[in-house]
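Here's a quick tour for anyone new to reading protein models.

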Amino acid sequence: MCFEAKRLYRLALGPVLMLLAMVSAGAWAADGERSTVNMSPGVTEVGQTIFDLHMIILWICVIIGVLVFGVMFYSIIYHRKSRGVTPATFHESTTVEIAWTVVPFIILIAMAVPATKTLIDIYNFDDAEMDIMVTGYQWKWKYEYLNDAGENVQFFSSLSTPQSEILNAEAKGEHYLLEVDEPVVIPVNTKVRFLMTANDVIHSWWVPELAVKKDAIPGFINETWTLATEEGIYRGQCAELCGKDHGFMPIVVNVVSKEEYAEWLAGKQAEAAKIKELMAQTFSLEELVERGKGVYERSCLACHGANGEGGVGTAIAGSAIANGDMQGHLDVVANGVAGTAMQAFGGQLNDVDLAAVVTYQRNAFGNNMGDMAQPIDVYNFKNGQ
Amino acid sequence: MGAHHGPAKGLGRWLFTTNHKDIGTMYLWFSFAMFILGGAFAMIIRAELFQPGMQLVEPGFFNQMTTMHGLVMVFGAIMPAFVGLANWMIPMMIGAPDMALPRMNNWSFWILPPAFLILASTLLMEGGAPGFGWTFYAPLSTTYAPPSVTVFIFSIHVLGLSSIMGSINIIATVMNMRAPGMTYMKMPLFVWTWLITAFLLVAVMPVLAGCVTMMLMDIHFGTSFFSAAGGGDPVLFQHVFWFFGHPEVYIIILPAFGVVSQIIPAFSRKPLFGYDSMVYATASIAFLSFIVWAHHMYTVGMPVAGELYFMYATMLIAVPTGVKVFNWVSTMWRGAMSFETPMLFSLGFLVLFTIGGFTGLMLSIAPSDFQYHDSYFVVAHFHYVMVAGAVFSMTAAVYYWLPKWCGKMYNETMGKTHFWISFIGFNLTFFPQHFVGLAGMPRRIPDYALQFADFNMMSSVGAFIYGSSQILFLYNVIATIVSGKPTSEEKTWDGAEGLEWTVPTPAPYHTFETPPAVR
């Protein structure tokens, strides 16, 4: 019978030992390499404070756990019927009962003090040097740089891991599911305020190493901030279930030097100015189709298939919309279809890309309309509504 | 005396029965069936998560599985299991002949299977089953939901009705049907925890009903409770939901506390330590459960004063919960313990629930929660509480009272084997989830980054082990009923106390037709 006690002892001790392993793992995380078993202190002061709080409370739990389980296993081993002991009959003790009510209470107060301090610190949004508006979409993120002079910089950031890797047709890359087509770029040592909202359902913007997690709620704006002290690429994911592709909308933040940031921003502004310019131009059918193909692959392919054969979305090959009236086609693409997964792309794509993708759809996958939409047509369509 | 009042014959016995034992039995079998169904969904989840990449199911279907797993386990498996146990045991523990409202008892059971049939049928519907998580946050569950959401709302209404009726019955029974001399402070702790649970249920199930009704209005009748576009607020949904949802988790765990408070003293051969403080701790936990709901919502952007309040209130729960754990350990201290299957499961409960309590304390710290929230750390936390807490104690209860119920002894070796496989499988499944959660893996994702691969594979292997150990459980219970060694000892366990051990074994169809005297 005693054999069984030892077995029980050993096995139930397992979790305690694993907890201890978890604790010691915390030490590796400090070396900069992101731990696979513990929270990362990340690259912000707040992150470090949160990490410290986490380790303190973990240690408190481990110590209490060792004490409680110690007493428990002591009695499991020594107070066994098989050892012929006579059970005691006591069933209360006011003193110890008061003690184990009061002592935990004091520990909690001791814990609440630093936690309160940290929380108040996290809620201090003052003195932010720049603002970025983050909008969650099913299933991508939009970033908009708010208070900079010059052209407005905004772009969408979506998963860049190819379907073939997800479907196991190809070997998975190092940053599988944590890579995007266009990362958000912020300068180092700068307090950046993020304004969070969503376009459809609730999302949550989480980058562990920046110690930021905040819900993006449609119709409301939340704020949060970060101040990264080290350059690098930091990866995160949407943390709030937001539908089918919730697992496929990662976040990549590129923290760069202030100079590099200024350079990057200037480049983006020039790009935005160029789009503005393009919007006034007239394109040939070939140009539109070529541009449209790229847009299609980024924005439509996931639902409508590589050959327009459909999937989550309806088939575009041979569809009445792509082979029908141009205005009707623009309406569906720009405004979406209420009650379905078809989103409104009017706000997501610029007029050049909208014109291109519509033209592409009308002249690909066996559709052969031969007509095209120019950016100005899209502009007029949007303003004529 | 009760000979002329035997059970009716055939199917009618079960359809029309008003007998608390029959109804209890039906609840228990139904909940086990739901446990297997919810478990099957979990197996699909873990099979998909066995390796990175999408192998078996579509992401949309994966979401349906996580949603249905949660709903079926919470509402179909755990809650009805404890209601079944309450039906069987409360009258026998307080010396009552039956439940106070026997016809309503029949009704509250019989509307359950149709409710779950309706819920399960959504899997076959156009657009699929609900895929918005068991917490069904708006507007994912309203504007962006599949058409089956309406059916889901209906089934929630029906099972809410069942829970409310069941609870009213328990309250009425405990308050009115106690044997003379059975004062409140003499009631077995299982009765106490259920009485408090029943009050929680009566208080919060209508809130859930209101919540889903508002969803229904938003979806079909043009209101905008949860839509900012019409002047509503998606966060309102979360406040209403968690005002139900937080007491709900105590609804699940309090009866489990009751069960182990019966079993640990029995196998320690020593009275429960601190009975009074156990009662007060249970009541305190129940009270606190109403004022801490928004700790599920630390990241929605509440004002800092709100965050602080909910953090302090939540941390307080550690005090009465600690009292309970200390009391159980003190009950064992200097007892004369033996380790039959019910005791093993109770000890498993004690160790693992305590770990779940620790992670709960960690989660209560709002700043840290910004990193834990909606990660696998949370998944690990609540499975330590729900599975190792509620399910382990429920299993302990079945082994503990099965001989009394059917007059036959289960196979002890098989029972112990069941425990060890469950214990190992459970920890292998859920312990690594702490690690991946802390390392940054969000919950409810069908596919994950490569650094999470090893622990996820471990987790899946553990889940298959834990899942298959339940087949052993089923086999053991059926084998006991069919061909177990007959026992007629009134007291199966020498250390067990309580009125249920004073009636013959197996418990006759009617017990305590004349109330026993309680000293």
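What follows is a short briefing on sheets, helix pairs and a few single residues. Keep in mind that this is a predicted model. We'll start with chain A and its strands, then move on to the helices of chain B.

- Strand 1 (residues 130-137) of chain A runs parallel to strand 5 of chain A, and seven bridges pair them up.
- To find a spot in that pairing, look for A:Asp131, whose bridge partner in strand 5 of chain A is A:Arg193.
- In what sense do strand 5 and strand 8 of chain A pair, parallel or antiparallel? Strand 5 (residues 192-198) and strand 8 of chain A go antiparallel, over five bridges.
- In that stretch, A:Met196 sits opposite A:Asn222 of strand 8 of chain A.
- Strand 8 (residues 222-226) of chain A is mostly covered, with four of its five residues buried.

**Sheet two in chain A: order 4-10-9-6-7**

- Chain A also has an open sheet of five strands in the order 4-10-9-6-7, and its pairing is mixed.
- Strand 4 (184-187) and strand 7 (212-216) of chain A stand at the edges with a single partner strand each, so one side of each has no neighbour in the sheet.
- From one strand to the next, the twist averages 25°.
- Strand 6 (residues 203-207) and strand 9 (residues 232-238) of chain A run antiparallel and are joined by two bridges.
- Over in strand 9 of chain A, A:Gln237 is the bridge partner of A:Trp206.
- Here's helix 5 (residues 258-279) of chain A again: it packs on this sheet and touches strand 4 and strand 10 (250-256) of chain A. Its direction makes about 135° with that of strand 4 of chain A.

**Helix 11 and helix 12 in chain B**

- The axes of helix 11 (residues 318-332) and helix 12 (residues 341-364) of chain B come within 11 Å and cross at roughly 150°.
- Angles over 145 degrees count as roughly antiparallel, and therefore helix 11 and helix 12 of chain B get that label.
- The crossing of these two chain B helices, helix 11 and helix 12, is left-handed.
- Residues making the contact include B:Val325 and B:Trp328 from helix 11 of chain B, and B:Leu350 and B:Phe353 from helix 12 of chain B.
- Sorted by class, the contact of helix 11 with helix 12 of chain B has eleven nonpolar residues, two polar ones and no charged ones.

**Helix 14 and helix 16 in chain B**

- Helix 14 and helix 16 (residues 453-483) of chain B have axes that come within 11 Å and cross at roughly 15°.
- That angle makes helix 14 of chain B roughly parallel to helix 16 of chain B.
- Helix 14 and helix 16 of chain B cross in a left-handed way.
- Among the residues in this contact are B:Phe392 and B:Thr395 of helix 14 of chain B, plus B:Phe473 and B:Asn476 of helix 16 of chain B.
- The contact of helix 14 with helix 16 of chain B splits into eleven nonpolar, three polar and no charged residues.

- B:Thr395 lies in helix 14 (residues 376-406) of chain B and is buried, at 5% relative accessible area.
- Setting aside neighbours within four places in sequence, B:Thr395 is in contact with B:Phe345, B:His418 and B:Phe473.
- B:Thr395 and B:Met343 are 52 residues apart in sequence, yet 10 Å apart in space, C-alpha to C-alpha.
- B:Ala281 is found in helix 9 of chain B and counts as buried, at 5% relative accessibility.
- The C-alpha atoms of B:Ala281 and B:Val323 are separated by 7.0 Å, although the two residues are 42 apart along the chain.
- B:Ser277 is also in helix 9 (residues 275-289) of chain B, and its relative accessible area of 15% makes it buried.
- Which residues does B:Ser277 touch, not counting those up to four places away in sequence? They are A:Glu97, B:Val323 and B:Asn327.

Conventions. Residues are numbered from 1 along each chain as its sequence is written. Chains are lettered from A and ligands numbered from 1 in the order in which they are written. This is a predicted model: local features need pLDDT of at least 70, side-chain atom pairs count only at pLDDT 80 or more; totals for chains, interfaces and linings use all residues. Side-chain values use heavy atoms; hydrogens and water are left out. Axes are lines fitted to C-alpha atoms, for helices over the stretch in contact, and angles run from 0 to 180 degrees between N-to-C directions. Angles under 35 degrees count as roughly parallel, over 145 as roughly antiparallel, 65 to 115 as roughly perpendicular and the rest as oblique. A crossing is left-handed if the near helix is turned anticlockwise from the far one by less than a right angle, and right-handed if clockwise. Contact means heavy atoms within 4.5 Å. Ala, Val, Leu, Ile, Met, Phe, Trp, Tyr, Cys and Pro count as nonpolar, Asp, Glu, Lys and Arg as charged, and the others, Gly among them, as polar. Buried means under 20% relative accessible area, exposed over 50%, partly exposed in between (1.4 Å probe, protein chains only). Two strands pair if DSSP finds at least two bridges between them.
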